[in-house]
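Subject: Structure handover

Hello,

Here is the structure we talked about. Please open it next to this email and follow along.

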Amino acid sequence: MLVVLFTVLCGLALPLGITGLAGLVVPVQAGGSLVLRDGQPVGSSLIGQSFARPDYFQTRPSATSAPDPKDSSKTVPLPYNAANSSASNLAPTAKALIDRVKAQIGTGTAPEGGYAQDQMTSSGSGLDPDISPENAAQQVARVAAARKIDPARLRALIDEHRQPALLGLFGGARVNVLELNLALDRMK
Amino acid sequence: MTALGVAQIVLLLAVVVGCAIPLGAFIAAVLSGRRTFLSPVLGPVERGLFRLSGIDPAHGMGWRTYTVALLVITAVHTLLLYAILRLQFYLPFNPQGFTGMSPRLAFNTAISFATNTNWQAYSGETTLSNGAQMLGLTVHNFVSAAVGISAAAAVSRAFSPASKGVLGNAWADITRIVLYVLLPISLLMTAALLALGAPQTLLGSVTVTTLEGVKQVISIGPVAFQEAIKILGTNGGGFFNANSAHPFENPGILSDLIENWALLLIPFSMPVMFGLLAGRARDGMALLATMALLLTGFALLLYAAEAGGNPLLHALGVSNLGGNMEGKEVRFGTALSSLFAASTTATSTGAVIAAHDSLMPLGGLVTLFLIQLGEVIPGGVGSGLYGIVVFALLAVFVAGLMVGRTPEYLGKKIQAKEVKLAMLAVLILPLSILGGTALSLNTASGLGSLANAGPHGLSEMLYAWTSATGNNGSAFAGLSADTPLLDYGLAIAMILGRFAFLVPVMAIAGSLSLKQSLRPGAGTFPTDGALFVGLLAGVILILGGLQYLPALSLGPLAEHFAMLAHATY
């Protein structure tokens with residue numbers, strides 16, 4: 001009897017009640033914090049998306065995958081697949097990790113102080129919406145060249161979108177890439 | 001390691017302990033049937049539930065009846081969850097049209113939630129409907145947590161001079177814990193998480209078109225409420241595969257602080273409740289101090305390992321600033337990620353905000369070791385308390401051997417029967433962890449599950465058996481866990497870790513509750529001071545930890561030294 005009562009209370013009445021209430025009080029958050037442009041959803045401010053074009057700031061490497069359309073028992077890499085969150089789960093000593101970073105660096109030369117740590121590593125969810133301010137700064141030259149924009153304006157834009165650590169203490173400073181790129185598209 | 005990072009860890013732990021003390025007193029009052037500030041609201045609901053299910057809270061149970069009650073409610077819920085997982089296709093709220101889980105995976109998942117392990121052999125967003133998440137997993141998160149706290153309350157009462165063989169009423173305890181403790185706090189947490197961005201909807205997914213014109217399908221669902229109880233009840237089974245690293249489960253820094261606080265809150269309140277129910281408040285505080293000191297030390301150790309960064313990547317020209325970020329989220333950084341990793345393994349929660357498989361070798365070692373210590377600093381809700389009481393009995397036994405007197409704890413004589421039962425409970429864990437790891441690494445199926453080669457592969461398998469036996473549920477998640485060997489094997493390990501530990505402990509409680517309470521004499525070893533805290537910490541580290549040293553040397557330690565020599569696998 002207790003089992004039935006708990007199931008009805010905790011499994012049905014409360015979740016549904018909260019869902020209804022949430023939809024009324026905090027509809028944006030309850031629906032996934034969608035970001036609209038011209039009335040169309042272009043993403044969620046909490047969920048990262050893949051940026052491959054040189055004229056956008058790029059998100060971190062992502063280890064998410066999707067079922068292989070040719071053979072459903074296998075998977076193929078699909079970065080920022082928000083229907084299947086996952087991490088690389090590579091050990092610090094994994095050859096696959098070292099090879100991945102080598103491939104990403106390619107023939108480039110390291111910036112002063114080295115590549116930003118988060119630029120070369122994949123996140124725990126594979127959906128990290130943020131990059132560190134250092135990572136963003138290291139992408140300024142590429143984006144500026146692709147957009148034929150003064151790099152100083154881009155640096156100002158990054159500063160504007162920089163979210164500091166909580167109370168200056170907890171967590172990391174970061175820049176939300178989707179919001180940064182939306183602002184970039186709005187720039188004249 | 002920066003001063004700022006250390007400050008984040010120490011401050012949050014201090015706040016947790018500060019809140020846990022009044023909460024422990026509140027839980028003790030609720031379980032004693034006393035009036036609290038919530039009684040005017042919840043009292044009628046409580047009496048209604050009692051009447052509907054025919055519970056008489058005044059009817060006390062002996063240890064056998066109490067234990068059987070805990071086993072029965074667990075068994076019924078396990079069967080119900082198994083049915084829900086298999087039949088989710090026929091249940092409402094299945095917008096993605098997921099079919100039923102395979103029998104093997106459903107068996108593993110049902111056991112896993114019933115034992116408060118919440119091992120994720122399943123992947124939430126690709127196999128489970130919203131209906132199964134709410135009706136199955138969310139309900140279990142409440143009940144398995146309440147079962148743990150009830151057991152802890154029963155053990156606490158055994159030490160009270162007034163107990164005389166009666167340990168309380170299991171049904172009343174479970175109901176009161178859900179009603180007065182788990183529901184109110186998880187509702188407050190749900191509200192906070194909702195405001196901070198965790199979704200709560202009956203949709204299965206939304207589709208957007210990204211700035212580069214690609215369709216992105218975003219899984220979504222009734223996340224916020226489940227996340228709250230998953231953390232609060234030290235359950236840890238995520239709505240999403242990536243668990244609390246997923247931005248919908250843990251959207252920002254503040255939500256992370258709340259979740260980390262909540263997963264430690266009830267475990268740290270348990271020793272306070274123990275002291276009050278046993279009538280020895282100061283002894284409860286000594287247990288609390290032991291837990292807090294050990295956890296702070298291990299959390300800082302883990303942070304030190306992560307903050308240094310990966311030397312192999314540094315050699316390629318990657319900055320070490322910020323530490324090892326593989327498998328971590330930018331918003332959390334290494335300090336909060338390390339604190340969460342230590343908290344989740346020390347409490348048997350098993351939720352993660354970073355990929356434990358990608359922790360530095362020594363960081364991974366700390367997470368493994370924290371589970372192997374027996375989940376007692378502070379351990380899962382309830383289970384941590386009865387675990388540390390076992391260690392306390394062994395500590396006074398060791399002290400008794402040194403001075404040649406019959407040991408007592410809280411006025412109860414500890415004799416051969418109790419020590420034998422305590423050792424039985426403590427020895428089940430290494431048998432299952434080391435035996436299971438050795439067994440599965442000697443099969444082709446076990447080796448085929450490994451994602452990483454070299455010593456890290458051994459760590460992956462060791463972590464799986466450690467996590468299942470310790471009822472933790474976190475993983476070195478590269479491991480392919482949905483195989484016949486691991487689905488069945490780990491399910492058995494979870495049952496052993498939960499009930500082969502719980503039943504001897506309840507037997508100890510039954511035996512102690514029948515004994516006379518002695519007045520402390522000149523030869524009584526005081527169990528409420530700094531000396532006892534030191535002794536207990538030593539017993540936990542040596543007795544709980546030493547037996548795993550060979551396995552840890554072959555896994556994480558070997559990997560650490562290989563890494564320093566720039567070896568890769």
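In this predicted model, 80 residues of chain A are in contact with 96 residues of chain B. Contact means that the C-beta atoms of two residues, placed from the backbone, lie within 7 Å. On the chain A side, the elements giving two or more residues include α1 (2-25), β2 (40-44) and α3 (95-105). Helices (H or I, at least four residues) and strands (E, at least two) are DSSP runs, numbered from the N terminus. α1(A) gives the most to this side, with 13 residues. By type, the side of chain A that touches chain B has 43 nonpolar, 30 polar and seven charged residues. Ala, Val, Leu, Ile, Met, Phe, Trp, Tyr, Cys and Pro count as nonpolar; Asp, Glu, Lys and Arg count as charged; the others, Gly among them, count as polar.

A note on conventions. Residues are numbered from 1 along each chain as its sequence is written, while chains are lettered from A and ligands numbered from 1 in the order in which they are written. As the model is predicted, local features need pLDDT of at least 70 and side-chain atom pairs count only at pLDDT 80 or more, but totals for chains, interfaces and linings use all residues.

Next, a sheet in chain A. Three strands form an open sheet in the order β5-β7-β6, with antiparallel pairing. Strands pair if DSSP finds at least two bridges between them. β5(A) and β6(A) stand at the edges with a single partner strand each, so one side of each has no neighbour in the sheet. Two bridges join β6(A) to β7(A). A:Arg162 has A:Val175 as its bridge partner in β7(A).

Now chain B. Helices α13(B) and α20(B) pack at about 165 degrees, with axes 8 Å apart. Axes are lines fitted to C-alpha atoms, for helices over the stretch in contact, and angles run from 0 to 180 degrees between N-to-C directions. The pair is therefore roughly antiparallel (an angle over 145 degrees). Among the residues that meet are B:Leu365 and B:Phe369 in α13(B), and B:Leu552 and B:Met563 in α20(B). This contact divides into nine nonpolar, two polar and one charged residue.

Last, B:Gln372, which lies in α13(B). Is B:Gln372 buried or exposed? B:Gln372 is buried, because 25 C-beta neighbours lie inside 10 Å (buried means 20 or more, exposed 12 or fewer, partly exposed in between). Its C-alpha atom is 7.6 Å from that of B:Tyr548, 176 residues away along the chain.

Best wishes

How values were computed
Parallel < 35°, antiparallel > 145°, perpendicular 65-115°, else oblique.
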